[in-house]
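Hi there,

Here is the structure I promised to pass on to you. Please have it open in your viewer while you read the notes below it.

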Amino acid sequence: MVWTGTWVAERLGVELIGDEELPALLGLALRRNPKRAHLLVSSVLGKHVPQHPSVVYGTGLGLGLRVRELLGAREAERAVVLGYAETATALGHAVADGLGTAPYLHSTRRPVAGVATAGGFEESHSHATSHLLLPEDPELLAGEGPLVLVDDEFSTGNTVLNTIRGLHERYPRERYVVVALVDMRGPADRERLTDFAAEIGARVDLLSLAAGTVGLPDGVLARGQELVARHEPPHGAAPAPRSRGGFTAVAAPVRVDLDWPAELPDGGRHGFTPAHRARLEGALPAMTQALAEALALGTADPAPLPGHGPAGAPRVLVLGFEELMYAPLRLAGALEDAGLDVRYSTTTRSPVLAVDDPGYAIRTRLVFPAHDTPADGPGERYAYNVAGGGYDAVVAVVDSAADTPELHAPEGLLAQLAAHIPHVVLAVVPSYAPHPQAAAEPFADTASEAIRTEPFAAPASGAIRTEPFAAPASGAIRTEPFAAPASGAIRSEAPEAPEAIRSEAPERSSMLPEPLRGPAFSSYAPEEVGWLLQDLSDAELEAPTEEREEAIQSGGAHYAESLPVEYQPSARYQELFHSALESSAARIAHAVGTVTETVLAEKPGRPVLVSLARAGTPVGVLMRRWARRRHGLDLPHYAVSIVRGRGIDANALRWLAAHHDPADVVFVDGWTGKGAITRELAAALRESEEFAGFDPEIAVLADPGSCVRTYGTREDFLIPSACLNSTVSGLISRTVLRSDLVGPDDFHGAKFYRELEGADVSGAFLDAVEARFDEVAATVDTDVKDLLATDRTPTWEGWAAVERISEEYGIHDVNLVKPGVGETTRVLLRRVPWKILAQRGAGADLAHVRLLAEQRGVPVEEVDGLPYTCVGLIHPQYTRGATGADGKAVASR
């Protein structure tokens, strides 16, 4: 394959010097720019060269993951990502996605009335130099954590260096990370950045896919301008496109309504948070279906679009618009995931010579007038390598500010596209308008001044670290998508809230933080669950089991005010866990399918799963996976805290009401024992008119106590996620509610046990169960039909059994009787157990219970007529010197 820089290299003597990956990442073209002759044309950026969206997004995502690895999890949690317009806006978004928890902002060349300027800078070599920083949140750039700056190429370093200098004067911080696809600085520029780092007293790291320099012979600027003049077609014309089957007809553009979520930013111009990304992820399936139908590829049109791609698949281009790169990229990726042959690129301000030669990076050019009333006046805009690309259809994605008469004019973008591509679809994303209260607080005058690009005189010392990445082989870059993390690693669903609900939510709900997500909080992937909790990982909350029990039973403390020391399973116990998982995975999968299908049948549309942390969380994740695997539904999933005797986290409910319709919320738990949490939730919702819209029904995997209507089974069997504590629940502790740590406007808290990563089996549990979904699907479908036709009214027989046991054994406190395999396991792991009642003849389901009881010196008593497989009895009236109701002292080991 001919290198796409050959034409320029042969005529001007320009060469790439450095890593062997550079030719695969970059081609060369000539600018129509008096400041610089050549243009480095990226093959993986998705700007000038159409590329698979999975390659474009995967490249940025991979860089973000490497930044996270460089910073470490704790520093990554404090990071903010800043991208550069126009070429690196989507790249910066993807890097922020890779970091997982970082808010994102990109510079812009579009002033917005009423939005204060947090800063600006000049890009000296660019065709359009002035950049603005317009965050909606005035404090977005004010943190002390690392600032990650993202650009497509690092050529001289002036732009990044000036940005850092200007922001550091107002918001000094200790660390910066510069990310680029390629680092093409010369020796002098490298030394200058090193000196600058020493001058400001900060660490600066640099990450790139490849590094090198551009060899420029003397007089290259003048010779380049002469070459451009010689090959430039008449003004405004494009080279004749390569014909695709003799096509000459002009198509009429079709407009598609994406139903973009209300109040969701169209990109990072004013800031974009992980919560925004989650809402976008949640809306992507419906928007993808709308696009597919508009392309005559969906079920709405019985005549699919003829294809000319591989195996006859329609070849589709998704074309973004200047700074609007991320939203079109994600839409393109969703279409690609749906099986279409998709490429992605965007329009641009950058004037580049087009030469139809295989050794030149820009083969064709479409020219059209600017259509977003730019602040710097009207002018030409361009779409490269679109004409003659063999596309059967194009989806042009613009924001509403650019949906103007100029866009639809005879010489406008849509007409230019229609002249070369038979099927044109227009998708308009609403231009996000920042809320006035956020924009009203102006920055100091010094912060709003443009940052200049004069060379810096700096001391000859400093600390800068540069780590070029190893890029895939050139063939992989040009013809196949990069090996990027699975789409699930970045998907998280949270559809928009109905406007009426959002406006009626209490004002403080808008002040609550966004959900915590993995890997910053929990070992679950970020799309699996959003935790409506606060991170108390640094608090000392653990206490010995005996001390906790004495304090709880004496009334000196509530069980939610401390945490037990995490149980570390022995090798023998771990073997039991894995054995139990292997033997019960299909049984659990059937219960997951049953409860999920029941929920979908009774909550049509797209329910919002809200797990009761933490036992409900693995079940919620599995339900979400079932819905996605069987129905293609991406269900939003959150975890909230509920505490017996204290109720459910009211602030979490307020957050949910502000972001979703409460009627769509389905509470999820692992299992029922005697139904105490079921009653707790119902009471909490019944007592507050504020939460009247929430349904108190709980969906559970197992309901042996007959306490709920929505369940996977009413059998009392071993659910392996009950066998362990945090190591099977995303490394998250039980929730904590203590007045000195949780204020009236805070979420309840929990700890993330990062140090237990080596023992974590959370993913193994989920994957083992999901692997059996297909095996049980047919049986689930049959059983659910029967279940929906039966009377599922709770009988509360479990509660009656617990009351009877409490009296028979002289305990006189139902809270010390824990029925069912799951609750009995919790007693043995967290509390001071007195004895275990086991159903006579119970087999493998109790193997782990018997082992734990043996390790703690707790007797197991086999009884007849027990409605559960087993019941755990907590030592009554416990003090460290107490005896139980039978007069025997407890042994706790």
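This is a predicted model: local features need pLDDT of at least 70, side-chain atom pairs count only at pLDDT 80 or more; totals for chains, interfaces and linings use all residues.

Let me start with the helices. Two packed helices are described by the angle between their axes and the distance between the axes. For helix 6 (residues 158-170) and helix 7 (residues 187-200), the angle is about 5 degrees and the axes lie 11 Å apart. Since angles under 35 degrees count as roughly parallel, helix 6 and helix 7 are therefore roughly parallel to each other.

Which residues meet where helix 6 packs on helix 7? Helix 6 brings Asn-158, Leu-161, Ile-164, Arg-165 and His-168, and these meet Arg-192, Leu-193, Phe-196, Glu-199 and Ile-200 of helix 7. By type, the residues of this contact are five nonpolar, three charged and two polar.

Now to strand 10, which spans residues 203-215. Is it mostly covered or mostly open? Strand 10 is mostly covered, with eleven of its 13 residues buried.

Strand 10 pairs with strand 1 (residues 15-18) in the antiparallel sense, over four bridges. Here Gly-18 has Gly-212 of strand 10 as its bridge partner. Strand 10 also runs parallel to strand 9 (residues 175-183), and eight bridges join the two. Val-178, for instance, stands opposite Leu-206 in strand 10. From strand 9 the chain passes through helix 7 to reach strand 10, a β-α-β crossover that is right-handed.

Definitions and conventions: Residues are numbered from 1 along each chain as its sequence is written. Side-chain values use heavy atoms; hydrogens and water are left out. Axes are lines fitted to C-alpha atoms, for helices over the stretch in contact, and angles run from 0 to 180 degrees between N-to-C directions. Angles under 35 degrees count as roughly parallel, over 145 as roughly antiparallel, 65 to 115 as roughly perpendicular and the rest as oblique. Contact means heavy atoms within 4.5 Å. Ala, Val, Leu, Ile, Met, Phe, Trp, Tyr, Cys and Pro count as nonpolar, Asp, Glu, Lys and Arg as charged, and the others, Gly among them, as polar. Buried means under 20% relative accessible area, exposed over 50%, partly exposed in between (1.4 Å probe, protein chains only). Two strands pair if DSSP finds at least two bridges between them. A crossover is right-handed if, with the strands pointing away from the viewer, the path from the first strand over the helix to the second runs clockwise.
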